[in-house]
Amino acid sequence: MLYFRMFLVMGVSLFTSRIVLRQLGAVDYGIYGVVGGIIAMLSFLNGAMSNSTVRFLSFAQGREDQARATRTFRTAIAIHILLAFIVIALAETLGLWFLNHHMTIPADRLSAANWVFQSAVAAFVFSILRTPLNAVVIARERMEIFALLSIIEVVMKLIVALSLTLILSHKLKVYALLNLATVIILVLANLLYCRHCFPECRTIRPTFDKEMFRPMAGFMSWSAFGSFSWVARNQGCNILLNVFLGPTVNAAYGLSMQVNSAINSFVQNFTTAINPQITKTYSVSDIRQTERLITYGCKFSFYLLLILSFPVVMAIEPILKFWLGNYPAYTPVFTQIVLIISQIDCFAYCISAGIRASGRVKAYEITIGTIHFLSLPIAYLLLRSGAAPQSVFIAIALLSFMALFIRLRLLKDCIPEISISGILRSVFLPAGALAGVCALLYCGYQHLQLAQTVSPLLTIAASILIVIALEAGIGLNARERKFIRQFLLKPSAKKDAQ
């Protein structure tokens, strides 16, 4: 179910974006993306609490402590309700002020932009309340339910997009309201399932348990800094693009992020399945298995993403033309660089899971968060000096590469028993070799101008086969082939891979 979900979500998401772009137009599509980005700037709070809740629930379940799991969940509910009030206060003051006084939005679309903003605030508040429910599903490794809810979500978004074809006016406002309705329905579905299936969710009663609140709040506070820096890097740069270049460039950015999100859903599903196991093995002091899971997670995340992203990088313009017809300027180059950034960042998911499992997140979040924050002043200086907009993403890629090796050093500090040299040999040497070969193939393809003579379908098919052959031939050893075979054919057996 999880793998079926990945293909369905990617296909439907891309198709939905095409419909929405055509129905709204580039300006309204860009407005929706950048106004929603203001609210997304607040999602660092939600992301921090999600990481905290999954970590503490997984830790309790690794030790088979049901009472502790119940206390953790109820404390998480209380914190999320408090968080919802904080988000409303920030959005209705600072958010509205920035929207109406500093965003580059056509005067005749400002009313619609405010409508979108209020709908986005309401949707985000409901998403906050859904987070602890999702955390229980992930911590208990009910990935089939996680996949099913994701399928329901993406199908509902498709229905919303198709509904726009029936609307004659005020399409942007209607689109915002329908997306809000989708979020509310998903919250109710999550709530009904969790209350029926999980003992800790039978009574949705918020409780400020002091013993649980203190470590969770401490963990959350540092995670919030790291999550905010990540969101600031992505949405902050999007807002800077709006301020300097207007909503049409935001539309190109939004489309590139849509492609990136669809492709990254494959990796995120893989790491969502493996990360709770990292925490659970650490909770019972099985460091050898923890290291193995981090190694497998890093390597397979990179390989899976490369299979999907390399063909897109090679044939980006024909893919965009087939997908969208006419597309905003800068969309191809934005998409290519954003996918390269994702290739670098994909190692972070399992490395950070190992660090969070140890509970020692302060140094990690401060260090990596500071690196992410650097992207904002750099982007500002680049855009103010008149540099091309893609230069912003090149700077982010360089910062991400620097952060990667700092993460490994911090992992060693948090879990001294882990062998970083072993991870470098097992993960980064073959990954670097594969990346180098792919870079040479892309340069050769462009230098020989093969795009003018070779069919895009042939380019995509050849790219996929080449990457798979390289990964199987030089990227995997016998033990890893066994692990991935078990993971794909029988996910519940992944713990037994040796």
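1. Confidence at residues 491-498. The model is predicted, and over residues 491-498 its pLDDT stays under 50, although the model has 19 contacts beyond four places in sequence for this stretch. Where pLDDT is low, the predicted coordinates should not be read in detail. For the protein as a whole, the mean pLDDT is 83, and 92% of the residues reach 70 or more.

2. Glu 153 and Lys 157 join their side chains in a salt bridge of 3.4 Å, N to O, and both lie in helix α5, 4 residues apart, which is about one turn of the helix. Glu 153 is partly exposed, with a relative accessible area of 22%, and Lys 157 is likewise partly exposed, at 37%. Arg 130 is linked with Glu 153 and Lys 157 in a network of salt bridges.

3. Other salt bridges. The count of salt bridges comes to 6. One of them joins the side chains of Arg 109 and Asp 28 at 2.9 Å, N to O; this pair links distant parts of the chain, with Arg 109 in the loop between α3 (66-102) and α4 (110-139) and Asp 28 in helix α1 (residues 2-40), 81 residues apart. Arg 109 is partly exposed, with a relative accessible area of 23%, whereas Asp 28 is buried, with a relative accessible area of 11%. A further salt bridge, of 3.2 Å from N to O, is formed by the side chains of Glu 365 and Arg 356, and both of these residues are buried.

4. Aromatic pairs. The count of aromatic pairs comes to 12. Tyr 193 and Phe 198 form one that is edge-to-face, with 5.5 Å centre to centre and 85° between the planes. Tyr 193 has a relative accessibility of 18% and therefore counts as buried, the cut-off being under 20%, while Phe 198 is buried with a relative accessible area of 0%. Elsewhere, ring pairs link Phe 302, Tyr 303, Phe 347, Phe 401, Phe 405 and Phe 428 into a cluster.

5. A charge over a ring. The ring of Trp 230 has the charged end of Arg 233 sitting over it, at 4.8 Å from the ring centre.

6. Positive phi angles. Which phi value does Tyr 330 have in the model? The angle is near 75°, a positive value in a residue other than glycine, and Tyr 330 is found in the loop between α10 (316-324) and α11 (331-345), where it is partly exposed, with a relative accessible area of 36%. Gln 449, which is not a glycine, also has a positive phi, of about 55°; its place is in the loop between α16 (420-447) and α17 (456-475), and Gln 449 is partly exposed, with a relative accessible area of 47%.

Notes. Residues are numbered from 1 along each chain as its sequence is written. This is a predicted model: local features need pLDDT of at least 70, side-chain atom pairs count only at pLDDT 80 or more; totals for chains, interfaces and linings use all residues. Side-chain values use heavy atoms; hydrogens and water are left out. Helices (H or I, at least four residues) and strands (E, at least two) are DSSP runs, numbered from the N terminus. Buried means under 20% relative accessible area, exposed over 50%, partly exposed in between (1.4 Å probe, protein chains only). pLDDT is the predictor's confidence in each residue, from 0 to 100. Contact means heavy atoms within 4.5 Å. Rings of Phe, Tyr and Trp (its six-membered ring) pair if their centres lie within 6.5 Å; planes under 30 degrees apart count as stacked, over 60 as edge-to-face and the rest as tilted. A charge sits over a ring if NZ of Lys or CZ of Arg is within 6 Å of the ring centre and within 35 degrees of the ring normal. A salt bridge is a side-chain nitrogen of Lys or Arg within 4 Å of a carboxyl oxygen of Asp or Glu.
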